[in-house]
Amino acid sequence: MLRRIYADNYRALVNFELKLGQINLFLGPNGSGKSAVFEVLRKLVNFVGGYGKVSDVFGSSDCTRWQDSCIQTFELEIAREADVYKYELAIEHAREEAKLRVRHERLWLNNKPLIRFENFDKSDFQPEVQLYRDDHSMGPRYPFDWSQSALASIFPRKENRHLTWFKERLQRVLVVAPVPQLMTEVSAQEEVRPSARLENYASWYRYLSLDQQVVIRLNTSLREAMPEFDHFKFEPLGEDHRLLRVHLRNSDGTGTIGYRFTELSEGQRTLIALYTLMAVSQTEGAGSYTLCLDEPENFLALPEIQPWLTSLYDSCSEGEVQALVISHHPELINYLLASPVGYWFERECNRPTRVKPIAADDGSGLPISELIARGWLRE
Amino acid sequence: MSSFTQVVILCEDRQQEVFARHFLESCGIDRRRLRVNVCPKGRMSGEQFVRDNYASEVRAHRSRASHLNVGLVVMTDADVKSAGEKHRELDGALVAAGELVRKTDERIAVFLPKRNIETWIYFLMGEDVNETDVYSKLKTEGGCKRLVADLAAKPQYRLTDGVLSSLRGACFELRRILPSKQCVEVQG
């Protein structure tokens with residue numbers, strides 16, 4: 001489980017720390033920093049996953065605008081039963097050279113090192129990686145390029161299973177804000193991860209469909225959620241490309257009609273995407289995935305929200321999956337805040353984000369969504 | 001599967017919600033037909049929330065009950081009161097709001113865990129419980145799911161004297177929501 005996030009000098013996140021539970025609801029006004037937390041997670045996942053150099057993933061415009069500091073710092077803690085992995089990354093923005101450098105990158109297990117990549121600010125110092133074995137004894141030491149993640153470059157070996165586990169677990173932090181208008185129906189190739197707005201849904205499902213467990217679980221949950229759903233089918237379009245069709249049942253049970261994925265309504269596409277995220281995260285075993293969902297209820301019809309939400313809540317409550325959810329929807333807010341899972345984000349213009357748990361009794365008797373709408377929550 | 005248009009669950013807290021929701025689902029009611037109205041954490045006492053919302057939920061139920069297949073399940077801890085006292089309290093809330101008291105043929109079930117919902121859960125775990133002591137909360141609310149499913153799968157047993165009195169009372173109340181035939185046959 002992702003249990004802590006720290007960020008400093010990233011947009012409005014200044015010396016920002018957040019401790020997380022199994023299910024977490026982020027609330028707050030527009031521009032209060034909720035999505036910035038998701039952006040940090042997405043960038044760290046991409047960087048450690050080797051999806052780009054530091055300057056591809058991070059940008060100089062991401063530094064806090066009202067500060068002069070050129071160092072950005074990030075930390076993540078992931079718990080695995082009693083063990084705690086701590087990842088640290090510092091990035092230096094050399095503005096005069098318009099360059100970004102990794103200042104340090106470290107991974108610890110229970111406060112003992114697994115890898116240290118240090119790049120001191122000295123002209124005669126060659127950036128070096130020091131690897132440690134699973135028993136924390138010193139492993140190889142070698143020079144490394146300051147523009148990349150040292151962690152991303154490590155291949156799995158029998159003496160670095162802890163480090164490999166962390167890398168793989170971090171890749172199971174899925175950060176998405178579903179936008180059905182952007183979801184394509186043609187896949188050129190399988191894609192292992194969903195993209196930020198699920199634009200690549202067809203290619204991601206093409207990859208997922210290689211695992212029959214995921215297909216069975218997804219089909220079952222979709223038939224419950226969308227009684228008209230029957231099955232998915234890929235139609236060949238040339239040598240590599242595939243068109244995703246969704247077969248919907250006739251109401252009299254006489255057969256199905258296959259619709260192109262984009263012929264479905266925006267709400268249907270969103271519902272399919274949300275249940276796909278649930279199915280894939282439930283299949284890998286308890287606690288394997290963290291779903292970061294930015295306004296997942298957008299586009300859903302009102303009666304569809306609570307059934308999906310109760311499924312998500314049950315999965316989180318049973319430790320199958322961890323969820324971080326950003327929402328402004330009363331349906332979602334009022335249901336989830338029957339448990340103490342809410343965080344309130346706020347900030348003044350050109351000031352840092354502050355976050356507090358939502359728990360206190362205000363005595364008004366109003367639903368929390370109504371308190372938020374009236375601006376009374378923190379008054 | 002039942003053909004309910006909707007069953008509303010009005011309850012005090014998350015543990016009651018998870019218990020009631022899984023009980024109804026295990027009795028064959030589609031999750032998509034369940035609608036939960038649960039007291040937000042820390043906003044007010046759960047008991048007050050149910051009492052305050054009871055009359056409006058009953059009014060809403062009655063406005064549709066003649067032409068839609070709807071049900072209402074109300075769950076509130078009996079605490080130290082008797083079932084009779086709690087029913088009179090809820091009837092009083094209806095009368096105060098200008099509604100008639102609940103009739104026997106209405107699809108409105110009232111579950112009154114005594115002393116509270118944890119008493120039922122520990123009973124289903126096989127613990128030797130009474131309806132006076134307070135039992136600790138579960139680590140996760142979902143811990144009751146399997147127990148609730150087992151109970152739903154024993155429609156005959158749950159109406160016998162071997163079952164904790166307040167839980168047995170709820171199982172009789174369930175027959176207002178599910179026809180008695182379905183109560184026996186859905187999972188039987």
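Two residues are in contact if their C-beta atoms, placed from the backbone, lie within 7 Å. By this rule, the contact takes 19 residues from chain A and 18 residues from chain B. Helices (H or I, at least four residues) and strands (E, at least two) are DSSP runs, numbered from the N terminus. Helix 7 of chain A provides the largest share of this side, five residues. By class, the side of chain A that touches chain B holds nine nonpolar, six polar and four charged residues. Here Ala, Val, Leu, Ile, Met, Phe, Trp, Tyr, Cys and Pro count as nonpolar, Asp, Glu, Lys and Arg as charged, and the others, Gly among them, as polar.

The model is predicted: local features need pLDDT of at least 70, side-chain atom pairs count only at pLDDT 80 or more, and totals for chains, interfaces and linings use all residues. Residues are numbered from 1 along each chain as its sequence is written, while chains are lettered from A and ligands numbered from 1 in the order in which they are written.

Helix 1 of chain A covers residues 34-48. The expected span of a helix is 1.5 Å times one less than its number of residues. A residue is buried if 20 or more other C-beta atoms lie within 10 Å of its own, exposed if 12 or fewer, and partly exposed in between. Twelve of the 15 residues of helix 1 of chain A are buried, so this helix is largely enclosed by the rest of the structure. Among them are A:Val37, A:Phe38, A:Leu41 and A:Phe47. Just after helix 1 of chain A, A:Gly50 takes a positive phi of about 75°.

Two further residues of chain A are described by their backbone angles. A:His136 is not a glycine, yet has a positive phi of about 70°. A:His136 sits in the loop between strand 8 (128-132) and strand 9 (138-143) of chain A. With 14 C-beta neighbours inside 10 Å, A:His136 counts as partly exposed. A:Leu198, also not a glycine, has a positive phi of about 60°. The loop between strand 11 (186-187) and helix 4 (201-208) of chain A holds A:Leu198. A:Leu198 is buried, with 25 other C-beta atoms within 10 Å.

In chain B, a cis peptide bond joins B:Lys114 and B:Arg115, with omega of about 10°. B:Arg115 lies in the loop between strand 4 (108-111) and helix 4 (117-124) of chain B.
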